[in-house]
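Subject: Structure handover and findings

Hello,

Here is the structure for you to look over. My notes on what was found in it follow below.

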Amino acid sequence: MLGRIFENLLEDNKDKGTYYTPKEIVEYMCRESIIAYLQSHISDKSKHELVREFVTTYDANLLNDTQRDTLMRLLESVKICDPAIGSGAFPMGMINILSKLTLEIDLGDNVKRKILEENIYGVDIEKGAIDIARLRFWLAMVVDDNSEDSSEVIPLPNLQFKIMQGNSLLETYKGVDLRELVECTD
């Protein structure tokens, strides 16, 4: 819903490349991204189909203890940055899938909050997009807050340095070649 609102708020949205992506497509992109990430960190290619099955079914019973530990370590260490975050559909989809996978392997509290605080980043050139993405994440945290006593409510995470306004397509900044900051392979 926030994505549709965002799309309608921006003037000339199609000229700026702003489009609403249907939930099914976002889920597919997120699921395939997580599968590719996990498979790229597992050298035994015979286990790749097992990874795909686990991610698509959320069935940790498919895994032995060593596989659970390995996948949990990988899920906890993944860093996801959306360079054109828009209303936050892709990172929110990643949070949802990562939290389901994490909960299936190892039950815990505030899983979505932890993922948002430690694994998710985003940039967008549009200030309105950043505001809507932050609102979307905060709303997700409020909805998942199970505190009945207001004194137990955990403050919402500070997203000022996680979700930021900027141009992710810059190659240079103040004379510094930003391409040198990342390893490029041709």
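The protein has seven helices and five strands. Helices (H or I, at least four residues) and strands (E, at least two) are DSSP runs, numbered from the N terminus. In order from the N terminus, the elements run α-α-α-α-β-α-α-β-α-β-β-β.

Some ground rules. The model is predicted, so local features need pLDDT of at least 70 and side-chain atom pairs count only at pLDDT 80 or more, while totals for chains, interfaces and linings use all residues. Residues are numbered from 1 along each chain as its sequence is written, and side-chain values use heavy atoms, with hydrogens and water left out.

**Overall numbers**

Of the 186 residues, 35% count as buried. Buried means under 20% relative accessible area, exposed means over 50%, and partly exposed is in between (1.4 Å probe, protein chains only). The accessible surface comes to about 11800 Å². Carbon and sulfur atoms hold 52% of that surface. These areas come from the Shrake-Rupley method with a 1.4 Å probe; for residues, only the protein chains shown count as cover.

Now contacts, meaning heavy atoms within 4.5 Å. Take those between residues at least 6 apart in sequence: 68% of them join residues at least 24 apart.

**Helix 5**

Helix 5 covers residues 89-105, 17 residues in total. From first C-alpha to last, helix 5 reaches 24 Å, close to the 24 Å expected at 1.5 Å a residue. The expected span is 1.5 Å times one less than the number of residues. Helix 5 is largely enclosed by the rest of the structure, because 12 of its 17 residues are buried. Among them are Phe90, Gly93, Ile97, Ser99 and Leu101.

Ser99 has a relative accessibility of 4% and so counts as buried. Leaving aside neighbours within four places in sequence, Ser99 is in contact with Val111, Lys112 and Ile115. Val111 and Ile115 are among the buried residues of helix 6 (residues 111-119). The buried residues of helix 6 pack against helix 4 (65-77), strand 1 (80-82), helix 5, strand 2 (120-124) and helix 7 (127-144).

**Helix 2**

Val26 is found in helix 2 (residues 23-40). Its relative accessible area is 7%, so Val26 is buried. Beyond residues up to four places away in sequence, Val26 touches Thr21, Ala89, Phe90 and Gly93. Val26 and Phe90 are 64 residues apart along the chain, yet their C-alpha atoms are separated by 5.9 Å.

Tyr37 also lies in helix 2. Tyr37 counts as buried at 19% relative accessibility. Setting aside neighbours within four places in sequence, Tyr37 is in contact with Leu74, Ser77 and Val78.

**Strands**

Two strands pair if DSSP finds at least two bridges between them. Strand 1 and strand 2 run parallel, joined by three bridges. Asp82 has Gly122 of strand 2 as its bridge partner. Strand 2 also pairs with strand 3 (residues 163-165), in the parallel sense and over three bridges. There, the bridge partner of Asp124 is Gln165 in strand 3. Four of the five residues of strand 2 are buried, so strand 2 is largely enclosed by the rest of the structure.

Ile163 is in strand 3. Ile163 counts as buried, at 0% relative accessibility. Not counting residues up to four places away in sequence, Ile163 touches Ile85, Tyr121, Gly122, Ile130, Ala133, Arg134 and Phe137. Ile163 and Ile120 are 43 residues apart in sequence and 8.4 Å apart in space, C-alpha to C-alpha.

**Rings and backbone**

The charged end of Lys162 sits over the ring of Tyr121, 3.6 Å from its centre. The criterion: NZ of Lys or CZ of Arg within 6 Å of the ring centre and within 35 degrees of the ring normal.

One backbone angle to check. Most residues other than glycine have a negative phi. Tyr58 is not a glycine, but has a positive phi of about 55 degrees. Tyr58 lies in the loop between helix 3 (48-57) and helix 4. At 23% relative accessibility, Tyr58 counts as partly exposed.

Best wishes
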